[in-house]
Amino acid sequence: MKVGVIGLGTMGMGAALNLHRKGHQVIGCEVREAARAEFVAVGAAAVTSPAEMPTDLDAVVVFVINAAQTEQVLFGAQGSSDGGDSDGGGSGGCLARLNKGAVILCCATIAPEAAKALGARIEAAGFLMLDSPVSGGKAGAQGGTLTVMGAGSDAAFAKARPVLDAIAAKVWQLGTEPGVGSTVKMVNQLLAGVHIATAAEALALGIRAGADPKTLFEVISASAGSSWMWQNRVPHVLDGDDTPLSAVNIFVKDLGIVLDQARALTFPLPLAATAHQLFLAAAAHGEGAKDDVFVIRVWQALTGIDLPKKVGGR
């Protein structure tokens, strides 16, 4: 297939590289020159703006930050939101550059109502849409083993199948209407955000009480209190490496989506609300663009604990 991938950040780059390796003709779209150069180096093509995409695409995979950016890169809406891995780039949309009947995979974490609205606009324009947020992080993106929480018509799934086979190990077919995939991803992000904040809190407490952080990590990883986020994120703190694989700002956004949905449903979420406040506090402290587990710097600021330093760093 001829596939456009909009947004060559952590997730989009991995997906684009796997599509290229599986023999698809892939055109990446990214404002950052370094990311474009990295993708071109493997023999693929890259452009700066969605409006520069070829006019005969069979599929577009959108890996931007939010609903506003998704709308922008597809329909050419003006303006974009900052604060994330990538925004795809450009103010002109790519929708007019697709073959009729092409499929659009919307992979950003967005509110369910936003996914429904995008689906209606895409269908009205004569295209297929999969509400298809993903999970699996950098490792899943690079390995082609993402989990896709998909919702859309049978025709959309059929058209997207070669793309899904290239980027994912597990594809959940959750419903026929856009919005269901985003609902399930919203629940995932509630858990992910709370688990990251809890892992940071627990590690900070252990450090404050005098435990060796590396030993603490090993013991808890082999105990009932462990979690996927503990095992995946705490090593970033132990290495003193706050390079963002998923940033604090992502959970400011995603837990905001969770809380907005809960408010609309008159549904209490005390744990998610507390986690959201912690990520907001980290962002206010200047950590918004740092790796999400560095929400731990909230506790560092409050208690003065020493965190492990990056080897060779400050």
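**Note on a predicted model: sheets, helices and selected residues**

1. Val3 has Ala59 of strand 4 as its bridge partner. Strand 4 (residues 57-62) and strand 1 pair in the parallel sense over four bridges. Two strands count as paired if DSSP finds at least two bridges between them. Helices (H or I, at least four residues) and strands (E, at least two) are DSSP runs, numbered from the N terminus.

2. On the basis of this note: the model is predicted, local features need pLDDT of at least 70, side-chain atom pairs count only at pLDDT 80 or more, and totals for chains, interfaces and linings use all residues. Residues are numbered from 1 along each chain as its sequence is written, and side-chain values use heavy atoms, with hydrogens and water left out.

3. Confidence comes next. The mean pLDDT of the protein is 92, and 94% of its residues reach 70 or more; pLDDT is the predictor's confidence in each residue, from 0 to 100. Residues 78-85 stay under 50, and the model gives them 17 contacts beyond four places in sequence. Residues 87-91 are also below 50, with 25 contacts beyond near neighbours in sequence. A contact here means heavy atoms within 4.5 Å. Where pLDDT is low, the predicted coordinates should not be read in detail.

4. What is the strand order in the parallel sheet of six strands? The order is 3-2-1-4-5-6, and the sheet is open. Its edge strands are strand 3 (45-47) and strand 6 (128-131), each of which pairs on one side only. Neighbouring strands of this sheet are turned by 20° against each other on average, direction ignored. For angles in this note, axes are lines fitted to C-alpha atoms, for helices over the stretch in contact, and values run from 0 to 180 degrees between N-to-C directions.

5. Strand 1 (residues 2-6) is mostly covered, with five of its five residues buried. Buried means under 20% relative accessible area, exposed over 50%, and partly exposed in between (1.4 Å probe, protein chains only). Lys2, Gly4 and Ile6 point one way from strand 1, Val3 and Val5 point the other way, and all are buried.

6. Strand 1 also pairs with strand 2 (residues 25-29), in the parallel sense and over five bridges. Opposite Lys2 stands Gln25 of strand 2. Together with helix 1 (residues 10-21), strands 1 and 2 make a right-handed β-α-β unit. Right-handed means that, with the strands pointing away from the viewer, the path from the first strand over the helix to the second runs clockwise.

7. A further open sheet has three strands in the order 7-8-9, with mixed pairing. Strand 7 (134-135) and strand 9 (168-173) stand at the edges with a single partner strand each, so one side of each is left without a neighbour in the sheet. Strand 7 runs antiparallel to strand 8 (residues 146-150), and two bridges join them. Val134 has Val148 of strand 8 as its bridge partner.

8. Helix 7 lies across strand 7 and strand 8, running at about 130° to strand 8.

9. Val194 is placed in helix 7 (residues 180-208). Is Val194 buried or exposed? With a relative accessible area of 14%, Val194 is buried. Leaving aside neighbours within four places in sequence, Val194 is in contact with Leu271, Ala272 and Ala275. Val194 and Ser182 are 12 residues apart along the chain, and their C-alpha atoms are separated by 18 Å.

10. Lys290 lies in the loop between helix 11 (270-287) and helix 12 (297-303). Lys290 is partly exposed, at 27% relative accessible area. Beyond four places in sequence, the residues in contact with Lys290 are Asp242, Pro244, Ser246, Ala247, Val248 and Arg297. Lys290 and Gly256 are 34 residues apart in sequence and, C-alpha to C-alpha, 18 Å apart in space.

11. How many disulfides does the whole structure hold? The search finds zero disulfides, where a disulfide is a pair of cysteine sulfur atoms within 2.5 Å. Cys29 is in no disulfide, and the nearest cysteine sulfur, that of Cys94, is 7.8 Å away. Cys29 counts as buried, at 0% relative accessibility. Cys94 is likewise in no disulfide, and Cys94 counts as buried at 0% relative accessibility.
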